[in-house]
Amino acid sequence: MDNQKRRDLYPSWFLFLAFLVSLIIASILKRHVNGNVAWGAGVCSGALIFVAKTRWDLRGEWWFWGALVVGASLQLPLVLFLPWLHKYLSGPAATILVIPGFVMALGCVFLAEKVFAKSSSPKC
């Protein structure tokens, strides 16, 4: 990947927008669940946004959206089953969930691409 494409993958406006959407999701959820769980959900939604942006060229495929749904469902245990009331696990510490969330969701898209790309590619 050349330097220009790498720079354009995540422009600054996109980074700001992804952060803003994650913050809005966390703020909405904060009214209904524990504040730390809301942080975790916001962070994991940000990871999904980054996966979608990374593979946005596949947006026309039905399996891309299905893989994102599976990736989101794999992140649910990260958010719901962590011991949020533990004194060493705080909401801001949940930002580390971006890494496994991103890897799981991108892995789902990668696996779906391997399975379905041959069947959806045009026949020559």
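Because the model is predicted, local features need pLDDT of at least 70 and side-chain atom pairs count only at pLDDT 80 or more, while totals for chains, interfaces and linings use all residues. Residues are numbered from 1 along each chain as its sequence is written, and side-chain values use heavy atoms, with hydrogens and water left out.

The chain has 5 helices and 0 strands, and from the N terminus on its elements run α-α-α-α-α. Helices here are DSSP runs of H or I with at least four residues, strands are runs of E with at least two, and both are numbered from the N terminus. Of the 124 residues in the chain, 30% are buried. Buried means under 20% relative accessible area, exposed means over 50%, and partly exposed is in between, with a 1.4 Å probe and protein chains only. Contacts are counted when heavy atoms lie within 4.5 Å. Among contacts between residues at least 6 apart in sequence, 72% join residues at least 24 apart.

Helix α3 covers residues 35-54, a run of 20 residues. From its first C-alpha to its last α3 reaches 29 Å, close to the 28 Å expected at 1.5 Å a residue; the expected span is 1.5 Å times one less than the number of residues in the helix. In α3, 15 of the 20 residues are buried, so this helix is largely enclosed by the rest of the structure. T54 belongs to α3 and is partly exposed, with a relative accessible area of 23%. Not counting residues up to four places away in sequence, T54 touches L9, Y10, F102 and L106.

Q75, in helix α4, has 2% relative accessibility and counts as buried. Leaving out residues up to four places away in sequence, Q75 touches C44, S45, A47, L48, G101, F102, M104 and A105.

In helix α2, S22 also counts as buried, at 11% relative accessibility. With residues up to four places away in sequence not counted, S22 touches G42, S45 and G46.

The next topic is charged pairs. A search of the whole structure finds 2 salt bridges, each defined as a side-chain nitrogen of Lys or Arg within 4 Å of a carboxyl oxygen of Asp or Glu. In one, the side chains of R55 and D57 meet at 3.8 Å, N to O. D57 counts as exposed, at 58% relative accessibility, and R55 counts as partly exposed, at 22%. In the other, the side chains of R55 and E113 meet at 2.9 Å, N to O. R55 lies in the loop between α3 and α4 (62-80) and E113 lies in helix α5 (residues 98-120), so this pair ties together parts that are 58 residues apart in sequence. E113 counts as partly exposed, at 21% relative accessibility. Salt bridges that share partners join R55, D57 and E113 into one network.

A disulfide is a covalent bond between the sulfur atoms of two cysteines. The rule applied here asks for a pair of cysteine sulfur atoms within 2.5 Å, and by this rule the count comes to 0 disulfides. C44 is buried, with a relative accessible area of 4%, and C108 is buried, with 14%.

Last comes the surface. The chain exposes about 8300 Å², of which carbon and sulfur atoms supply 71%; accessible areas come from the Shrake-Rupley method with a 1.4 Å probe, and for residues only the protein chains shown count as cover. W13, F16, L17, L20, V21, I24 and I28 make a nonpolar surface patch of about 680 Å². Patches are made of residues with over 30% relative accessible area and no salt bridge; like charges are joined within 9 Å, and nonpolar side chains (Val, Leu, Ile, Met, Phe, Trp, Tyr) within 5 Å. V21 lies in helix α2 (residues 12-30) and is partly exposed, with a relative accessible area of 31%.
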